[in-house]
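This report describes a protein chain, beginning with a single side-chain contact and widening to the overall fold. The sequence and structure are shown first.

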Amino acid sequence: MIKIIIGLICVMIANILLGSSIAKLRNDWNFKKFINGFFKAILIVISCLLLYICSYLNPNILIINIDGNNLNLIDGMKAIFIAGIVLYGYNDLIKLKEILGVKTAIKETQYEIEEDIGIG
């Protein structure tokens, strides 16, 4: 779970930095928007760590049922954090493509996540 949280933090920071780079190249950089994005990332990181501590201390509390699978807090967090990594990672690739001026088309493809996140 720690690797997933670190991965989420990394793609969030990359998203902020790449977005700032694009804005700077367009001469549209906004300090207030940068601070808001950075503040949002810090609050998400703190929230993630607090949720992780809660889930570690209370592993047997079931919080959600998805397609007949009962998930505890840590399993639900893993699923959502992985979705966040996918979303931020996709946005990072689009921004990186724009910065580098790459003409390659990036299209969305659905994959099954092979990492065991405790569902099913």
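## A buried aspartate

The side chains of D92 and N15 form a polar contact at 3.1 Å; such a contact is a pair of N or O atoms within 3.5 Å, and within protein one must be able to donate a hydrogen and the other to accept it, with residues adjacent in sequence counting only if both atoms are side-chain atoms. The model is a predicted one, in which local features need pLDDT of at least 70 and side-chain atom pairs count only at pLDDT 80 or more, while totals for chains, interfaces and linings use all residues. Residues are numbered from 1 along each chain as its sequence is written, and side-chain values use heavy atoms, with hydrogens and water left out.

D92 lies in helix α3, residues 73-100; helices (H or I, at least four residues) and strands (E, at least two) are DSSP runs numbered from the N terminus. Although buried, D92 has no salt bridge, and K95, the nearest side chain of opposite charge, is 5.5 Å away. Here buried means under 20% relative accessible area, exposed over 50%, and partly exposed in between (1.4 Å probe, protein chains only). A salt bridge requires a side-chain nitrogen of Lys or Arg within 4 Å of a carboxyl oxygen of Asp or Glu; Lys and Arg count as positive, Asp and Glu as negative, and His and the chain ends are not counted. Residues up to four places away in sequence aside, D92 touches V11, A14, N15 and L18, contact being heavy atoms within 4.5 Å.

## Nonpolar core

The largest nonpolar core has 16 residues, of which M1, L8, Y52, M77 and F81 touch the most other members. At least two residues of this core come from each of α1 (2-25), α2 (31-57) and α3. A nonpolar core is a set of buried Ala, Val, Leu, Ile, Met, Phe, Trp, Tyr and Cys residues joined through side-chain atoms within 4.5 Å. Beyond four places in sequence, M1 touches Y52, I74, M77, K78 and F81.

## Residue A23

A23 belongs to helix α1 and is buried because its relative accessible area is 17%. Setting aside neighbours within four places in sequence, A23 contacts D28 and W29. Its C-alpha atom is separated by 9.9 Å from that of F34, eleven residues apart along the chain.

## Overall fold

The protein chain comprises three helices and two strands, running α-α-β-β-α from the N terminus. Of its 120 residues, 27% count as buried.
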